[in-house]
Amino acid sequence: MSLDDVPDSHDPYRLPRHVIPTRYDLRLEPDLAGATFTGQVTITITVKQTTQTILLNAVDLVLQSAVVEDANQRQFKALIELEQKTQRAILSFQEPIHPAEWRLHLSFQGKLNDQLRGFYRSTYKDESGTVHTLAATQFEATDARRAFPCWDEPDFKAVFATTLVIDPHLTAISNTSVRSESVESNKKQVRFADTIKMSTYLVAFVVGRMEATEPVWVGQTPLRLWTIPGKQPLTPFGQDIAAASLKFFEDYYGVPYPGDKLDLVAIPDFASGAMENLGVITFRETALLVDRQTGTHAELERVADVVAHENAHMWFGDLVTMAWWNGLWLNEAFATFMEMLAVDTWKPEWKRWESFSVARAAAFSVDGLHSTRPIEYSVQAPKDADAMFDILTYEKGASVLRMLEQHISPTVFRDGVRQYLRTHAYGNADTKDLWTALGTVASQPVPELMNGWIFQPGFPLVTAEMRHQELRLSQQRFTYIAQATTAEQLWQIPVQIRLVIGDRTEHHQLLLSERETTIGIPAGVTSVFINEGGHGFYRVRHRAQLLEQLLDQGLDRLAAIERFTLVSDAWATTVAGLTALPKYLQLTEHFKSERDKNVWAVLLDSFSFLNRIISSEDRGVLETFVRGCVKAAIGELGWDARPGESDVVRQLRGDLLGTIGRLGNDAATQHEATERYQRYRKDPATADSNVVPALVVILAHTGNEARYNEFLELYRTASTPQEERRYLFSLASFRHKELLKRTLTRTINGEIRTQDAPFIVGALLMSVYGREITWDFVKANWDHMDRLFPKQGLRRMCGGIVGLATPELEQDVRTFFTARKIDLGGKTLDQYLEQLRVAVAFREREGGTILATLTSSIDT
């Protein structure tokens with residue numbers, strides 16, 4: 001029978017709907033030493049119309065047999081054909097398969113791969129140096145099909161009953177509680193309870209030598225953290241936020257946790273940060289394990305964020321799942337939004353929504369490109385689904401949700417979310433379903449408000465200017481590179497406005513849906529600020545008079561998040577050529593007394609951008625400028641933490657010291673850092689944990705071969721995942737090319753884990769001291785890296801090309817990617833290339849005058 005006779009079979013990446021799976025009884029036997037596995041699965045299917053062909057997904061598997069069995073135990077054997085390109089198995093039968101419930105029996109085998117996807121191997125060394133292997137899974141987006149034949153699409157939800165057959169001394173973990181264990185033929189058979197009805201990408205199993213914490217009960221749910229032996233002391237912080245966020249989400253959603261237990265498992269080799277498998281969340285070690293005494297504020301915050309994010313998915317993503325990958329934002333944007341709510345509730349002193357503004361600014365940087373995409377975007381092939389896991393899905397999606405929440409009120413938003421979850425529990429949903437729930441509760445036309453933010457690319461620039469006693473607001477799409485085609489786009493923009501009239505403050509809200517509008521302003525207004533609270537996902541250009549009023553009134557009248565948006569918007573319009581660089585540098589003069597770490601983050605990011613585009617001959621002038629900007633703040637903060645100081649101030653101290661020692665190339669700071677690092681190595685208590693990364697990066701920046709070898713050894717012997725990462729990335733911070741070449745070699749010779757190696761190469765592409773040799777290395781070793789690195793890592797590595805900000809390098813980059821016909825999925829490569837064009841265009845526009853501009857700013 002040809003595929004022409006199979007209903008809906010002509011889309012090569014979607015399975016037809018005439019056969020529906022409802023249950024998988026899965027048995028897997030991994031051989032860790034041989035890096036193979038065998039398996040059998042019985043899939044209960046409902047056949048909706050007579051057929052002689054069944055299609056399902058399978059790739060990198062050997063299917064040994066396929067048999068269907070009806071209710072009368074009649075069996076029909078299939079002829080098996082595998083399509084590598086479409087990752088499908090075609091099962092052809094001589095007899096017709098009539099509408100009814102059937103059981104499909106499949107036997108198969110596969111390899112435990114090293115690509116950190118599907119069913120894969122991870123290795124680690126114990127304290128004696130002995131290498132151990134464990135097996136783990138990573139199925140999202142489309143890699144369950146690498147572990148067992150299945151209907152590997154999110155709307156083919158089913159119940160899963162898993163049995164793992166393992167060596168008796170090993171441990172097996174899966175989505176649900178262990179139902180029974182027995183030993184047969186010297187193998188331990190671990191049978192797990194049935195799951196809820198869920199998607200294939202959420203199935204997971206881990207096999208190896210593992211240790212668990214004692215369970216903490218959150219309501220009816222036992223919660224544990226699993227590690228390889230010896231790392232249990234690093235679990236308390238992660239367990240605290242896991243328990244706190246799980247309770248928070250049960251209360252917020254008004255729906256009980258949908259699993260029967262919750263295990264959080266740290267895997268030595270893991271491609272992404274974490275994965276929200278129902279009941280068994282898997283993590284990269286740096287995202288779960290941390291020493292709360294030696295971890296920096298940023299490191300602790302990352303663990304809290306990731307754990308809360310994954311817990312949020314147990315409802316958004318697992319209980320209710322997007323129908324197809326174009327709706328991925330329903331999973332990831334909501335989990336990002338909810339992680340902020342949970343962590344902000346758990347640690348309000350961290351001011352998590354304020355620091356989220358930094359992530360939002362990173363989303364702006366991509367969404368200001370012509371090659372951006374809508375949050376919800378068409379997905380066809382698996383690599384296009386993989387490319388959806390980006391900053392637009394996560395950070396932009398979360399930002400527009402925050403904007404909506406603030407517009408309709410947090411309570412109304414929460415109640416709408418509860419209705420959405422109750423309506424679609426154990427099923428699938430799409431964007432219109434969410435808008436329906438929120439709109440019903442809010443009694444507002446949510447689709448009309450939000451569809452422009454979800455289904456069209458980009459974001460607006462709101463320009464504000466005074467004309468007599470009227471405030472004129474206009475909107476246009478913001479782009480870094482001007483094109484006439486963007487003029488027609490409009491958004492419905494919830495604009496929050498604050499007016500200061502003497503000692504009185506007025507707050508106004510309007511929905512800007514036209515190209516422009518004007519509103520009357522009371523007499524005596526001394527300042528106007530657009531985007532009060534900083535929640536709107538749009539940039540603002542306060543025209544000269546309004547900006548001058550804000551500066552004259554004093555920046556302390558603005559909240560920290562508003563000062564952040566003021567600087568961030570000013571820098572963005574500078575990069576786009578809408579604001580002159582001298583004007584921006586003059587603006588930075590007003591922030592020398594700033595003490596908010598997020599405001600400083602955007603300032604320092606702009607200085608780093610200038611560092612990438614300035615010539616090496618002129619870099620000394622930029623260093624002088626940077627020193628002048630930060631020295632007052634460093635003079636006040638000093639090197640040592642003070643009693644009662646907040647975590648965010650301690651992080652700021654480390655950020656500024658690292659900047660003046662590296663970007664500012666300050667000799668006195670470098671000397672002090674050397675002495676303090678020596679004392680720290682003898683007694684770690686002599687340095688605040690937030691300053692230690694600055695000491696390491698400064699010493700790498702100034703380091704020689706001896707220092708390189710020292711840091712390399714400290715990377716190899718680190719006692720925490722954070723310390724390991726700190727010394728690993730320091731190897732990309734040296735300036736001597738011969739040392740950087742050694743680091744590059746280590747990315748492909750097995751010394752650096754493949755989960756980390758692409759990020760090291762990406763960091764070196766961004767280094768002004770190593771970008772040329774790194775680009776040559778990438779070109780020479782592309783084929784090897786393409787085979788070696790996880791696809792997600794390779795895609796992220798290529799983001800480093802935005803650091804190759806010279807006309808010559810840009811042309812070479814374009815030639816290489818075009819000649820090799822490299823496709824990173826979705827619009828990823830186009831975005832990287834356009835970001836590079838933006839940087840080079842800035843260099844071409846400002847390069848001739850940047851020296852004079854910086855010199856003038858220094859003299860001023």
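1. Let's start with a term: a nonpolar core is a set of buried Ala, Val, Leu, Ile, Met, Phe, Trp, Tyr and Cys residues joined through side-chain atoms within 4.5 Å. Keep in mind that what you are looking at is a predicted model. With that in hand, the largest nonpolar core here has 291 residues. F148, W151, Y253 and I530 are the ones with the most contacts inside this core. Helix α3, residues 329–346, gives the most to the core, with 11 residues.

2. Which residues is Y253 in contact with, once its neighbours within four places in sequence are left aside? The list runs A312, W315, F316, M338, V417, R418 and L421.

3. Next, have a look at W453, which lies in helix α9 (residues 446–455). Is W453 buried or exposed? Its relative accessible area is 0%, so W453 counts as buried. Apart from neighbours within four places in sequence, its contacts are I375, K396, V400, M403, P460, W491, Q492, I493, P494 and F537. For a sense of scale, the C-alpha atoms of W453 and R679 are separated by 52 Å, and these two residues are 226 apart along the chain.

4. Now strand β26, residues 493–501. Eight of its nine residues are buried, so this strand is mostly covered, taking buried as under 20% relative accessible area. Antiparallel to β26 runs strand β27 (residues 504–512), and nine bridges join the two.

5. Helix α10 covers residues 544–553, and its buried residues are L546, Q549, L550 and L551. What covers them? The cover includes strands β24 (460–467), β25 (470–477), β29 (527–530) and β30 (539–542), along with helices α11 (560–575) and α12 (581–588). After α10 comes G554, with a positive phi near 100°.

6. On to the empty space. Rolling a probe the size of a water molecule over the atoms shows where empty space is left. A search of the whole structure turns up eight cavities of 30 Å³ or more. The largest cavity holds about 80 Å³. Its lining is made of W353, F356, S357, R360, S399, R402, G534, H535 and I561. Helices α4 (352–367) and α6 (391–408) are the elements that give two or more residues to that lining, and α4 gives the most, with four. By type, the lining residues are three nonpolar, four polar and two charged.

7. Last, the second largest pocket, which holds about 620 Å³ of space. Helices α5 (382–387), α22 (771–788) and α23 (791–798) each give two or more residues to its lining. There are 24 lining residues, and R117, K383, D386, K791 and D823 lie nearest the centre of the pocket. How many of the lining residues are charged? The answer is 13, alongside eight nonpolar and three polar.

Key:
Residues numbered from 1 in each chain as written. Predicted model: local features only at pLDDT ≥ 70, side-chain atom pairs only at ≥ 80, totals over all residues. Heavy atoms only, no water. 1 Å grid on protein atoms, 1.4 Å probe; cavity = no way out; pocket = protein on both sides within 12 Å on 5 of 7 lines; lining within 4 Å. Points joined across faces, edges and corners; volume = space filled by probe spheres on them. Nonpolar A, V, L, I, M, F, W, Y, C, P; charged D, E, K, R; others polar. Buried < 20%, exposed > 50% of the residue type's maximum accessible area, 1.4 Å probe, protein only. Contact = heavy atoms within 4.5 Å. Pairing = 2+ DSSP bridges.
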